[in-house]
Each structure stands twice: as structure tokens, then as C-alpha cells.
Amino acid sequence: MTIDQFVENFADLFDNGGEINAQTPFKELSEWNSLMALSVIAMVDEEYDVSIKGIDVQNAVTVEDLFNAVKGKL
Amino acid sequence: MSINPFSLEGKTVLVTGASSGIGRETAIRVSQMGGTVVVVGRNRGRLEDTFAALEGTDRVHRQVVCDQTNEEDLERLIDGIPQLDGVVQCAGTSVLFPFQFSTREKYDRVFEVNFFSTVELLRLLYKKKKISNGGSVVLIASVGGTTVFDTGNGVYGASKAALVSTMKFCAKEFAKKRIRVNAIAPGRVHTPLIESGTMTDEQIRMDEAKYPLGRYGEPADVAHGVIYLLSDAAAWVTGAMLVIDGGLSI
Ligand SMILES: NC(=O)c1ccc[n+]([C@@H]2O[C@H](COP(=O)([O-])OP(=O)(O)OC[C@H]3O[C@@H](n4cnc5c(N)ncnc54)[C@H](OP(=O)(O)O)[C@@H]3O)[C@@H](O)[C@H]2O)c1
């Protein structure tokens with residue numbers, strides 16, 4: 001699991017994910033909503049076979065924070 | 001005989017999912033209303049807890065540990081149970097996945113419990129004449145997938161919609177034996193099912209605020225509806241979906 005690949009999977013959830021990088025505060029993105037939060041949890045389940053919880057998404061500010069949360073559960 | 005039309009005295013009722021949540025509360029309340037209960041669940045310890053909480057020690061309550069997705073477990077269950085006047089199927093599971101991540105594997109996992117094994121248990125009970133004429137079957141569906149279509153709830157909702165459809169077919173076919181078949185569609189109820197952590201506490205608080213009656217349900221709110229449908233008070237009710245949702249679907 002690499003940060004680059006994670007950012008790519010994350011950005012793929014968005015229509016306009018081109019600008020997203022590891023330091024992006026993703027909840028400030030205009031496309032961010034509760035469906036996106038569910039989608040992130042589902043993407044992590046599908047790509048990494050890891051169950052993260054709503055609170056993990058809530059606590060993360062940047063994409064890298066999320067990456068670290070997933071890594072911690074691998 | 002009791003003059004209370006909701007009494008379950010003299011009735012033997014099978015309750016699945018009795019090791020937790022709505023099924024557990026239903027089993028206990030059925031026993032409080034005078035019923036004899038067969039409690040079914042997967043987790044032995046939690047099922048024993050429910051069994052110990054049943055009232056009416058003069059009645060022969062039973063407990064059967066059964067993973068209903070396991071064919072042998074199902075057969076053992078069917079062979080070992082007495083003649084039934086009521087069947088309440090509460091066993092169920094849920095997932096939250098946006099449609100684009102709802103793979104066949106996710107549908108299979110949820111449908112296996114909520115639909116296929118639930119329907120197979122009912123089929124076996126009916127075919128083997130374990131449900132007495134005049135009996136009552138109650139399936140626990142959900143407003144999700146039948147009247148409320150929340151984001152991410154598609155797999156679960158589809159399994160419950162399929163169950164409601166089957167309920168109606170059975171209501172028609174079983175009517176010749178005066179066996180009634182109904183479903184209850186609850187809104188969100190405080191049980192371990194909704195505590196998976198996919199939603200944050202804050203999201204849950206916001207969701208709960210959508211309920212006109214101001215709160216999520218408690219297991220007893222659903223159990224009381226089950227008691228009604230099992231009882232002679234509902235003698236002319238079949239093929240119905242009773243919505244118990246604090247007004248959510250208005
Ligand atoms: N809570 C809600 O918000 C809500 C809303 C609408 C509808 N419902 C429906 O209400 C029913 C009861 O749910 P609940 O909220 O009480 O959930 P719960 O507390 O999680 O209980 C689920 C029950 O289903 C049993 N179960 C699951 N898979 C099984 C299997 N393969 N074989 C046998 N038993 C199995 C569990 O047994 P073990 O614990 O022994 O494994 C447990 O007793 C479900 O059908 C659910 O879909 C719930």
C-alpha cells in the first residue's frame with residue numbers, strides 16, 4: 001500500500017479529483033458529502049480489505065490522515 | 001380464556017434472531033403475553049441470556065442454536081420444533097454501500113440471511129406442516145427499500161423489498177389454511193445492527209432528527225406490533241406491511 005496509489009483511489013471517487021493530493025483537506029472539496037464519506041469507507045473495503053469507520057473519516061483532515069488510519073488497520 | 005384480544009396464551013411462537021435486538025425483545029414480550037416461545041439464534045451465549053429472561057416457567061420454552069444459512073442447522077431446527085401457532089423472523093443483517101461498490105458478493109452476503117435463508121425456513125415450516133391452521137407469520141422487513149430509500153442502503157433495501165413481495169405471495173397461498181402472513185417495516189431501531197460505526201454519532205444524531213416523533217425506535221416498539229399480528233386481534237389481517245417508524249415515511 002503506497003500513498004500515491006491511495007491518493008489515486010481516493011481521487012477516483014470524485015468527478016473533479018485531478019487536484020487532489022496527500023495534503024488536500026478533503027472535506028473542504030465542493031463534491032464532499034455524506035455519500036462521499038460512505039464511498040470512502042467502501043473504497044477502502046474494496047481496495048484494501050480494511051473496515052474503517054465513520055469516525056476515522058471524521059477525524060481525518062487530509063487524505064494522508066486517512067491513509068494512515070487505513071495503514072494502522074492493515 | 002383471556003378476554004384480552006392481544007393475549008398469546010396457548011400459542012407457541014418461534015422467534016428467530018432472538019439472541020439480539022428486536023428478536024430478543026419480541027421473544028421476551030411474547031412470553032409476557034402468555035406465549036410459549038422457541039428462541040432461535042446463532043450466538044449461544046446471547047441466546048441463553050434471552051432464554052433466561054423469558055417469563056412463564058410453567059411453560060415449555062425451548063432454545064435452538066442455528067445458523068440459518070447452514071442447511072444442516074435448518075433441518076435440525078425444523079425436525080426438533082413443536083407445532084407452531086406463530087413464526088416471527090427477525091434474523092437479519094445489514095451493510096451500507098453506495099451502489100457503485102455494491103458487488104454481487106455484497107448482495108449475496110446480505111440476501112443469504114435477509115432473504116434466501118429466511119424464505120427457506122418459512123418454506124420448510126409450511127411444507128412440513130409445522131404451522132398450525134389459523135397460525136400467524138410475521139416477517140421483519142424495513143422501511144428501507146420499501147418506503148424510504150436512503151443513500152447507501154440499496155443492498156439491504158432490495159433484500160427487504162424482496163422479502164415483502166414474498167410475504168404477499170405467501171399470504172395469498174397460505175390463506176386456504178387461514179395462516180396469516182404479514183410484515184413489519186420498522187424505521188431505525190436502537191439495536192447492535194445500527195451500531196456498526198459506518199455512521200458517526202453526529203450523522204446518527206442528524207438522522208434521528210428526521211423522525212417526526214423525535215427519536216429512533218426501541219425494540220419494544222416493534223415487538224408490540226409483532227404481538228398484535230400474532231394475536232387474535234389481527235384475525236382478519238393478512239398480506240399487510242405494518243410501518244412502525246416514528247413517522248419517518250410520512
Ligand atoms: N435495527 C434497525 O434499525 C432495524 C430497522 C429495520 C429493520 N430491522 C430488521 O430487524 C431485524 C432484527 O434486527 P436487529 O436490529 O434486532 O439486529 P441485531 O440486534 O443485529 O440482531 C440480528 C439477529 O439476527 C441473527 N442472525 C444474523 N445472521 C444470522 C444467521 N445467519 N443465522 C441465524 N441468525 C442470524 C443474529 O444472531 P446472532 O446475534 O446470534 O449472530 C441476531 O439475533 C432484522 O431483520 C433487521 O433487518 C432492523
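This is a predicted model: local features need pLDDT of at least 70, side-chain atom pairs count only at pLDDT 80 or more; totals for chains, interfaces and linings use all residues.
**Ligand shell, cysteines and chain architecture**

Residues are numbered from 1 along each chain as its sequence is written, and chains are lettered from A and ligands numbered from 1 in the order in which they are written. Local features need pLDDT of at least 70, side-chain atom pairs count only at pLDDT 80 or more, and totals for chains, interfaces and linings use all residues, with side-chain values based on heavy atoms and with hydrogens and water left out.

The shell around the ligand can now be viewed as a whole. There are 30 residues around the ligand, and Ser19(B), Ser20(B), Asn43(B), Tyr156(B) and Thr191(B) come nearest (a residue is near a molecule if one of its heavy atoms lies within 4 Å of it). By type, the shell residues divide into 13 nonpolar, twelve polar and five charged; here Ala, Val, Leu, Ile, Met, Phe, Trp, Tyr, Cys and Pro count as nonpolar, Asp, Glu, Lys and Arg as charged, and the others, Gly among them, as polar. Helices α1 (21-32) and α5 (154-174) of chain B each supply at least two residues of this shell, where helices (H or I, at least four residues) and strands (E, at least two) are DSSP runs numbered from the N terminus.

Turning to the cysteines, zero disulfides are found over all chains, a disulfide being a pair of cysteine sulfur atoms within 2.5 Å. The sulfur of Cys66(B) has its closest cysteine sulfur in Cys90(B), 14 Å away and too far for a bond. Cys66(B) is buried, at 4% relative accessibility (buried means under 20% relative accessible area, exposed over 50%, and partly exposed in between, with a 1.4 Å probe and protein chains only). Cys170(B) is also buried, at a relative accessible area of 13%.

His61(B) sits in the loop between α2 (44-53) and β3 (62-65) of chain B and is buried, with a relative accessible area of 12%. Its side chain reaches the backbone oxygen of Gly56(B) at 3.3 Å.

Finally, the overall folds. Chain B contains seven helices and seven strands. Its radius of gyration, 17 Å, is close to the 18 Å that the globule rule gives for 250 residues, so chain B is as compact as a globular protein of that length; the radius is taken over C-alpha atoms, and the rule is 2.2 Å times the number of residues to the power 0.38. Of these 250 residues, 53% count as buried. Chain A, by contrast, has four helices and zero strands, and 47% of its 74 residues count as buried. Its C-alpha trace spans about 30 × 25 × 20 Å along the principal axes.

Methods:
A polar contact is a pair of N or O atoms within 3.5 Å; within protein, one must be able to donate a hydrogen and the other to accept it, and residues adjacent in sequence count only if both atoms are side-chain atoms.
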